[in-house]
Amino acid sequence: MSGHMTFHDASAQKIEPGTVIGVRRRLYDHYGVMSTGARIIHYTSSRSDLGSDIRVRQTGFEAFLRGNPVFWSVQFPSREEARQIIALRYRSSMETLPVGSSLWDILFRTGGKLFADAFLKDYDVRSPGEILNRAESRLGERKYNLVTRNCEHFAFWCATGLSTSQQVEAFLR
């Protein structure tokens with residue numbers, strides 16, 4: 001659940017430390033946490049986002065952007081707003097369930113509600129200071145995994161306590 005995105009041009013470096021930011025790459029979006037002094041904490045290698053030496057690093061703003069003139073900041077919904085969003089999606093999926101649906105279809109949709117409840121159990125939007133502290137606590141970490149522990153998982157965990165990647169979820173659907 002990524003929330004609302006605000007787009008900025010690359011010259012707009014007045015982003016508060018502890019803000020989750022993203023930038024578009026050719027095939028994916030890359031995420032990090034704004035630190036102090038126009039620096040970003042994110043999963044990256046010494047030369048690019050990918051490579052054999054990927055770890056959580058603090059790099060300059062320009063290195064994070066890699067020439068892209070636009071980036072965005074992410075504002076996450078509160079727990080109550082997230083609950084409402086999930087409830088609407090669940091209700092919508094149940095309303096579109098055709099009459100005479102199989103037990104499997106009903107169980108699948110009900111499982112979605114159980115997943116949502118589990119999702120919200122750990123969901124809690126942190127303050128910018130907490131987000132930055134969480135990002136700094138993982139500097140040097142070398143546990144990168146494209147599917148289970150990438151830059152989006154990292155940044156979203158710093159902000160919400162959930163290690164999630166909408167890009168991975170969309171790819172696996």
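Predicted model: local features only at pLDDT ≥ 70, side-chain atom pairs only at ≥ 80, totals over all residues.
Helices here are DSSP runs of H or I with at least four residues, strands are runs of E with at least two, and both are numbered from the N terminus.

Residues are numbered from 1 along each chain as its sequence is written, and side-chain values use heavy atoms, with hydrogens and water left out.

Is Leu65 buried or exposed? Its relative accessibility is 1%, so Leu65 counts as buried, where buried means under 20% relative accessible area, exposed means over 50%, and partly exposed is in between, using a 1.4 Å probe and protein chains only. Leu65 also lies 9.0 Å from Arg25, C-alpha to C-alpha, although 40 residues separate the two in sequence.

Next comes Arg66, in the loop between α1 (61-65) and β6 (70-75), which is partly exposed at 43% and has a phi near 45 degrees, a positive value in a residue other than glycine. I mention this because most residues other than glycine have a negative phi. Ala38, in the loop between β3 (29-34) and β4 (39-44), likewise has a positive phi, near 55 degrees.

Let me turn to the aromatic residues. Rings of Phe, Tyr and Trp (its six-membered ring) pair if their centres lie within 6.5 Å, and planes under 30 degrees apart count as stacked, over 60 as edge-to-face and the rest as tilted. The structure holds six such pairs. In one of them, Phe61 and Phe71 meet edge-to-face, at 5.1 Å centre to centre with 85 degrees between the planes; Phe61 lies in helix α1 and Phe71 in strand β6, so this pair ties together parts ten residues apart in sequence. Both Phe61 and Phe71 are buried.

Phe76 and Phe156 also form an edge-to-face pair, at 5.1 Å and 85 degrees, and this pair links the loop between β6 and α2 (79-95) to helix α5, 80 residues apart. Which residues do ring pairs link into a cluster? They are Tyr31, Trp72, Phe76 and Phe156.

Finally, in helix α4 (residues 128-137), Ile131, Leu132, Arg134 and Ala135 are buried. Seen down the axis of α4, the buried residues fall within an arc of 160 degrees (taken from the directions from the helix axis to the C-beta atoms), so they line one face of the helix.
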